[in-house]
Amino acid sequence: MKVRSVPASGARRGSAGLLLLALGVATASGQTGYAGRPLAEALRDLQARGLNVIFSSDLVQDEMIVEVEPGGGSLQQIVDRLLGPHGLKAEIGPRGTVLVVRRDARPIRVTMLLPLPEQPIFDEVEIEAEINAEEPIERVDFFVDGRPVGTARRAPWSAVVDVGPANADREFRALVIGKWGGRGTAAVVTESVSIEDRVEVALKQLYVTVSRDDRQLLDLGRESFAVYDDGVRQNLVTFERGDVPIAAVVLLDGSESMRGRALDAAVEGVRAFVERMNALDQAMVVLFADQALAATSFADDRDGILGQVLPSAAGGGTALNDHLYAALRLLDSRQGRRVVVLLSDGADVLSALPMSDVLWKVQRSDALIYWIRLERRGGSSFSSAWRGFEANDAEQQALERAVRESGGRIESLPAGGEIGEAFEGIMRELRAQYVLGYYPKGRRRDGQWRAVRVRVEVPSAKVRFRAGYVDQ
Amino acid sequence: MVAALLVVMLAPPATAKRARGFDRDHLREGYRLALARWVSGEQDLAVADLVELEAAAVAAAEKDVYEALRRVELSVARGLMSRGVEILAPLAVFHESVYLAHLERRAVPLALHSRLLVVELVETYARQGPGVIARSFASDALASLGGHLQEARIEGPAADLYSRAVELDAKNSTALLALAVLRERHGDSDRAVPHLRRLLEVEPGHREGALRLAINSLRLGGGAEGEGMLRSLAEGGPADWIRSLAYQELAKVIAAREEWGTAQQLLTGAVARIPEDPTLAIQLAYVSERSGVDYPEAALVAALERAAAQPALSPRFRYIRIPYERLDDLRRDLRARSEPYVAELGAALGIDPGRVETGP
């Protein structure tokens with residue numbers, strides 16, 4: 001180890017005032033300052049100006065760069081500003097010497113964000129730590145059951161590790177190493193899933209459609225998305241695109257207004273939808289009027305669904321609300337991405353359930369609702385023995401709201417519009433959706449609404465997603 | 001005023017000018033022949049004959065043809081009335097059939113002509129016929145016509161006909177019911193309720209009337225009365241659409257108070273009694289979810305599949321419909337009540353009584 005000490009005449013004065021004077025003279029004499037220069041060079045410059053600086057090359061390494069001009073202040077402050085970002089500090093020694101020493105390493109506080117203690121752990125898992133430190137972070141090493149599994153060198157302090165399929169207790173640990181020598185660690189222990197237990201998997205999945213200029217954007221990465229739940233930025237645990245299996249209920253309005261070619265076209269549209277299903281997708285088709293006219297069972301093979309031929313007869317009134325609720329209820333127990341595709345003019349005149357009841361359900365379901373809205377003959381307002389004009393208008397608006405809040409959309413079709421293309425478009429959209437999973441922070445299970453917001457770092461992009469959910 | 005006008009119309013049309021191309025004698029003869037076919041039992045052919053005759057007459061003339069047509073036909077009727085005013089009963093039934101035939105051919109002006117003719121005939125019968133019997137017949141005939149208009153969504157004139165039917169016979173329960181249904185359709189509970197109350201005075205056991213009164217009373221803020229009536233209908237009677245609806249609406253009233261457990265219990269009983277109503281099952285699934293009680297998905301699927309396997313009109317659809325069944329009964333009754341006078345009509349036309357068909 002070399003010790004560099006260059007006594008100079010100015011050092012004898014040994015005061016902050018003289019140092020300021022020296023620096024001031026340097027600046028006035030046309031020096032460009034220290035920012036961007038190696039720290040050792042800056043210290044040598046101070047030495048040349050008469051400051052008796054003593055430092056070790058072990059501490060002041062050649063790659064240390066002065067990032068910010070130290071500015072004015074006391075000697076201690078100026079030198080600390082030069083040394084501080086590198087975990088060093090100045091101490092005034094005997095006879096005015098300035099000693100460069102290592103700063104005391106302060107403990108770094110670490111919190112494990114992911115995985116959550118109650119989270120079932122299988123296969124790929126994201127580990128994430130939150131760090132509170134006064135010093136810059138050198139790196140974070142991650143361990144599972146004491147075995148190193150990854151390192152992060154910049155925020156977010158996270159890593160993804162495949163723990164395999166075994167059902168076991170595991171310890172996830174983060175070890176934080178500061179640039180000034182500080183250390184911190186934290187761990188979380190997850191428990192194996194007891195098969196006798198009813199496990200509530202709190203993973204929240206968001207289905208996000210991103211488009212620009214009416215074209216869906218398909219090549220975005222996880223880092224492009226920021227999810228806020230109840231105003232709090234969330235950590236994404238899973239990130240997938242539209243290959244998540246679909247569980248769909250297709251609701252076909254078979255009321256009097258659909259009689260004839262409209263219903264034939266609708267059935268063809270359903271066929272187009274079903275034929276584009278993937279191997280793990282499931283669907284059920286319900287033809288309804290004032291009550292169900294035909295209903296297939298849930299099936300995961302196209303032939304199984306298409307084989308259950310739908311009758312081509314239409315008639316009766318429309319009980320849309322009742323059947324939309326039933327569809328959402330039937331999806332509750334289904335795995336995968338839950339979807340309702342509704343084909344109707346939306347003129348409910350006969351349901352026992354008001355749309356407000358269906359909206360209650362929508363806010364507690366994660367199903368997307370797509371509404372292929374057929375233009376209604378005779379204008380938008382109507383009355384019936386069950387509801388007057390205003391009440392029916394309100395029902396229509398509530399249905400539109402339910403669709404929007406679900407994260408789905410309304411596709412309006414004029415009379416004679418291409419129903420088949422509408423169904424195909426919905427399937428294409430589902431295939432191109434991003435599926436973002438997170439464990440909501442700070443869940444209260446208080447039955448209150450939690451608004452969800454998704455931001456995408458793409459200029460002019462339109463983003464569609466579920467508006468929120470009821471925390472229960 | 002109407003009577004005076006009718007007397008003028010039934011009088012020989014001395015001043016009526018003959019329309020261009022309009023052969024009054026040919027029409028008069030053709031009309032009599034059509035009536036003769038009617039009384040002989042060839043009713044479909046008789047209707048077709050008159051439809052063609054009237055259509056040809058209209059096609060042959062340009063101006064005032066409907067008025068001329070009306071005068072000719074009423075003059076024939078007036079002549080036939082010499083055998084007794086009762087012949088107007090089968091005559092009205094005949095013209096109602098002609099009205100429907102014109103409608104089917106989309107000959108709207110001719111249909112209107114037929115409808116107005118029926119009204120004139122039965123109003124004359126009500127005035128000149130045998131007291132209550134004639135007024136009751138005329139009332140039913142007007143209610144029947146009102147039903148046709150309501151079906152065609154010509155609701156203002158339909159309401160006028162029903163109202164006139166009730167004026168002629170205050171106990172005409174079909175007209176009272178139809179009038180209430182028509183008012184309800186426009187959300188006019190205020191005007192529906194008096195008809196329904198009157199209906200229940202006339203027929204205290206009228207369950208549909210009670211159901212409608214309960215629902216409309218609830219809309220007007222009569223919660224206790226409406227709820228009580230619904231409960232009474234739900235607790236007894238056959239497991240039909242009326243009882244289904246009583247359960248549905250009672251459950252809605254209870255659910256509106258957020259008494260989810262009570263609603264859940266009510267609907268559990270309802271589904272057990274009326275398993276074929278899928279709406280009850282859907283309501284039960286909903287209130288169960290609200291009350292935190294598990295409702296099996298399989299039960300919901302079964303309800304949908306059961307409905308699909310046996311498609312029938314849902315109770316809620318039955319409720320908004322025109323009371324077709326009641327009107328059909330009324331029309332059968334009208335025809336039966338006119339039958340005894342078909343022979344009289346035949347005699348007036350000079351047909352051998354042996355050739356007259358007097359019943360089905």
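View 1. The model is predicted: local features need pLDDT of at least 70 and side-chain atom pairs count only at pLDDT 80 or more, whereas totals for chains, interfaces and linings use all residues. Residues are numbered from 1 along each chain as its sequence is written, and chains are lettered from A and ligands numbered from 1 in the order in which they are written. Helices (H or I, at least four residues) and strands (E, at least two) are DSSP runs, numbered from the N terminus. H7(A) and helix H8 (residues 355-362) of chain A pack at an angle of about 15 degrees, and their axes are 9 Å apart. Axes are lines fitted to C-alpha atoms, for helices over the stretch in contact, and angles run from 0 to 180 degrees between N-to-C directions. The crossing of H7(A) and H8(A) is left-handed, that is, the near helix is turned anticlockwise from the far one by less than a right angle (right-handed if clockwise).

**View 2. Residues of H7(A) meet residues of H8(A).** From H7(A) come Asn321(A), Leu324(A), Tyr325(A) and Leu328(A), which meet Met355(A), Asp357(A), Val358(A), Lys361(A) and Val362(A) of H8(A). Contact requires C-beta atoms, placed from the backbone, to lie within 7 Å. This contact holds six nonpolar, one polar and two charged residues. Ala, Val, Leu, Ile, Met, Phe, Trp, Tyr, Cys and Pro count as nonpolar, Asp, Glu, Lys and Arg as charged, and the others, Gly among them, as polar.

**View 3. Chain A touches chain B.** The contact takes 26 residues from chain A and 25 residues from chain B. On the side of chain A, strand E19 (292-295) and helix H7 (320-331) are the elements that give two or more residues. The largest share, five residues, comes from H7(A).

**View 4. Helix H2 (residues 24-39) of chain B packs with helix H19 (residues 342-349) of chain B.** Their angle is about 140 degrees and their axes are 9 Å apart. H2(B) and H19(B) cross in a left-handed manner. Arg32(B), Leu35(B), Ala36(B) and Val39(B) in H2(B) meet Val342(B), Leu345(B), Gly346(B) and Leu349(B) in H19(B).

**View 5. Gly221(A) lies in the loop between strand E13 (215-216) and strand E14 (225-229) of chain A.** Gly221(A) is exposed, with 9 other C-beta atoms within 10 Å; 12 or fewer count as exposed, 20 or more as buried, and numbers in between as partly exposed.

Methods: Contact = placed C-beta atoms within 7 Å.
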